[in-house]
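Colleague: Before I use these labels in my notes, I would like to know what stands behind each of them. Could you go through the terms one by one?

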Amino acid sequence: MIPEKDAKVEKNDSQKEKYGSFTLFNIEHFLGRTLKNWYWFVLMLFIGYCISWVYGKYYAQNIYASDLSLSVSNNTASYFTPNQSINFIWGQNGNQDGIYLKKMLLSRSHNEFLVKELDLFVSYSTKGTIKTTYLDKDDSPVFLEIDRKHLQQINYPITLIPKGGNTYEVNLPDKGEGTSLYSYEAEGLQNVAPYPRPANKIIKVGEWYTSPNLKFKLLPNPVSTQIKLDNIIVNLSSVNQSVNDIVSTMSVEFDKEIGSIMIITKKGYNLNGAVNFLNRSVSQLQKKREADKMIVDKNTAIYLKKNLDTVRKKLDSSATILNYLKTSEKLYDIKNRDEKTLLEIKDLEAKKADIESKLSSLNSIRNSIDVKDFDGMISTDAAGFKDGAFSATVSELKALYEKRREMSTIYTQNSEPIKEINRLINETRFNSSGLLRNYYTVYYNEISKINQRISDANAELSGYPEKERKYLDAERGYNMIAATYNSLLSRQNDTQMKMAANQSDVTVIDPAKNLGQMPIGPNVKGTKAAIIVGLLLLPLLFILIGELLDTKIRNIKELINATKIPLLGVIGNNNNANMLTVLEQPKSSVSEAFRGIRANMRFLSIENGKSKVILVTSSIGGEGKTYISINLASVLGLSDKKTILLGMDLRKPKIFGDFNINNQYGISNYLTGEVSIDQIINKTKIPNLDVATSGPIPPNPSELLMSSRNIKFIEELKDIYDYIIIDSPPVGLVADSYELMKYSDANIYVVRHEYTEQYMLKMITEKYHNGEIEHLGLVYNDYNTKQGYGYGYGYGYGYGYGYGYFDEDKNYKEPLLIRLRNRVRSMISKK
């Protein structure tokens, strides 16, 4: 980027603030860096594929799901089987049966019953070389039956190895026997004294294995299994843990079209296990529903029989009184009887008797709730109503009392869990009492209306003589008791019919079956993709972090935009053992790049035919300023320009070694007056190139360089040479070079690729744009073409795209990305 000669650009303050400021993140360099490290991505892709393959084959545990659908009929009702009609659309009111049944299927009490009844606290699995496979109970050739009176260690794997002849070797873990053992009777842990590790033992089927922490025996599976197992791993769990595991894998939904159909889903690691559990669970549910309904109907039958016996006695007494009045008082034939009024009173009193009988049943139900006698409750049919909502609240209340009874063994009465469940109990009791109060209100209102009508009818009979009225009262009393008796008798008949026709109101539509369902989880493909993508992101993340933390100069375009300092040329990587590239490889691309710099230097100073002083410096050591100085002086000397190279980096002399010059006497000796100018000038292989080395390191290099003798020395050399190349100290470390720049005609600032820090250019950039330094140009050193990024101007500096043109570069092999790019370009150009 060489400006035209004498071109000047006006700069305002805002522009000056931007000079020397580099971007935090360079997407171009980041992409290039990513492409450069492509092999890490290939390696991570391979590792990710291997890990995902091993995961899918050996570690991923498939999860299966099985469904069972059932319907609930409305043939009966009780507190344990609420019987509101459930011909509804889900989401509307009236779904008390469905809600109750769903709660029951997911309830602790139901699943705890199944765990204990079916020994679901015993789980079976088998282990291969790597992967563990979970088994259904029916897949195992033997079942493990524990002694529930004996303390058992839970979560303690028991390995059974078949030995032939109905014998199995019991292998226990080398470590892990504990002193906290589980009691299946008390359903809690108990501490025991320490004991030695139980020994492994070979036992026969039906033989008890006994140790301090285990007691069990093996029972044969009555159904022969098709699976041949090398080992069977049996694990015992607590009842509570087993219940929680079951409930967490179950879900109950309602059919969207027919609300009375429920769909129960069970998930598990074994499909047969899920299928068998669902079928067993619903089978036990049907039996329990039948038994629950029988309890309520039996209670109702006993209650009705007791009331019938009492009313029967009252009816016999009333009949005796009525017969006495007929025979003794001769009142059986009353003249002018108002039969219409008497019939109306009889009907009203019969209704009143029926309602009072229902009220008596209602009182019995309320008393059962008050005293928590849920097992002794009678059916709501005896009270003359059917209310699924009330039945559901009673069932919920019963479950809450049971839950509180369990929690009271763990928590104190003033603990928050007990307070919370007490709140739920009070809330549910209030709801159930509220529903009963509604029926009380209805019945009392009806009785009040009947009493009013009876009172009006009695007024019409007030004209009868006293004896006849006495007889009529006795007759009405008898009729009322008889009506009560008939009402109770009718309800007794209904109850007996229900008991005779009792059957489960749960009907299985589609039982759970093993139809070879595919696993529903885990998402193996998604997990594999996540593993591969995650590993691919690792090198990308490291590259990104490195990019954000890397503050070195790495991009020519960014360098020029940030500094706005002319770029004289780009120098490639030096592959030689020394720094004499132009002398030893004059036809290389790097040598040609120095010739380009020589040509571009004319833009930095005015061509007046006089001798030129060119100062070469950099930010710090190691950036290649000496290398640039040597080869720039070499290329000027080869162009028939009388040139001298001055090693004025007095603190770190270097030039003498490359030219095989004795550094005993040099510039430092001349500046101190020890030697003459002729003694420090050395000839080189190039006739027009002389070298003055630094000489021994002096104690005061800054004073010597800024001395008047040094300035006079440079002026004297102007009379002898066309070009004076000064290898000066780095400006980032000392200020010597800034003083020397006052006497130079052109200044070259060396920036090394991925070595020079961005912040180091801040000072030189500010001085340049503030006018403190003039005739300044940049040389970008040690640029590596294999990176394939960072420079896209296409300037002809004899570097980058010229490899293969020069003789020394004929064996150079272009990078793969460059070759691919050139191939694409050639194909496009042919079209």
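**Salt bridges, burial and sheets**

Modeller: Glu-715 forms a salt bridge with Lys-718, and their closest N and O atoms are 3.6 Å apart. This is a predicted model, in which local features need pLDDT of at least 70 and side-chain atom pairs count only at pLDDT 80 or more, while totals for chains, interfaces and linings use all residues. Residues are numbered from 1 along each chain as its sequence is written, and side-chain values use heavy atoms, with hydrogens and water left out.

Colleague: Why is the contact of Glu-715 with Lys-718 called a salt bridge?

Modeller: The term requires a side-chain nitrogen of Lys or Arg within 4 Å of a carboxyl oxygen of Asp or Glu. The Glu-715 to Lys-718 pair has its closest N and O atoms 3.6 Å apart, so the term applies. Both residues lie in helix 21 (residues 708–718), 3 residues apart, which means a separation of about one helical turn. Helices here are DSSP runs of H or I with at least four residues, strands are runs of E with at least two, and both are numbered from the N terminus.

Colleague: What makes Glu-715 and Lys-718 partly exposed?

Modeller: Buried means under 20% relative accessible area, exposed means over 50%, and partly exposed is in between (1.4 Å probe, protein chains only). Glu-715 has 38% and Lys-718 has 23%, so each counts as partly exposed.

Colleague: Which helix holds both Lys-305 and Asp-309?

Modeller: They are in helix 7 (residues 271–328), 4 residues apart, or about one helical turn. Lys-305 is partly exposed at 46%, and Asp-309 is partly exposed at 37%.

Colleague: How do you know whether Glu-547 is buried or exposed?

Modeller: Its relative accessible area is 0%, so Glu-547 is buried. Its side chain meets that of Arg-33 in a salt bridge (3.0 Å, N to O). The pair links distant parts of the chain, with Glu-547 in helix 12 (residues 524–549) and Arg-33 in helix 2 (residues 27–36), 514 residues apart. Arg-33 is partly exposed at 23%.

Colleague: How many salt bridges does a search of the whole structure find?

Modeller: The search finds 25. Arg-108, Glu-112, Lys-116 and Glu-187 are linked in a network of them.

Colleague: Why is Asn-669 called buried, and what is it in contact with?

Modeller: Asn-669 has 5% relative accessibility, so it counts as buried. It sits in helix 18 (residues 667–671).

Colleague: What makes strand 10 and strand 11 a pair?

Modeller: Two strands pair if DSSP finds at least two bridges between them. Strand 10 and strand 11 (residues 214–220) have 4 bridges, in the antiparallel sense, so they qualify. Tyr-209 stands opposite Phe-216 in strand 11. The open sheet has 3 strands in the order 4-11-10, with antiparallel pairing.

Colleague: Why are strand 4 and strand 10 placed at the edges?

Modeller: Strand 4 (142–146) and strand 10 (208–211) each have a single partner strand, so one side of each is left without a neighbour in the sheet.

Colleague: In what order do the strands of the 4-strand open sheet come?

Modeller: The order is 13-14-1-15, and the pairing is antiparallel. Strand 1 (residues 64–72) is joined to strand 15 by 4 bridges, and Leu-70 has Val-508 in strand 15 as its bridge partner.
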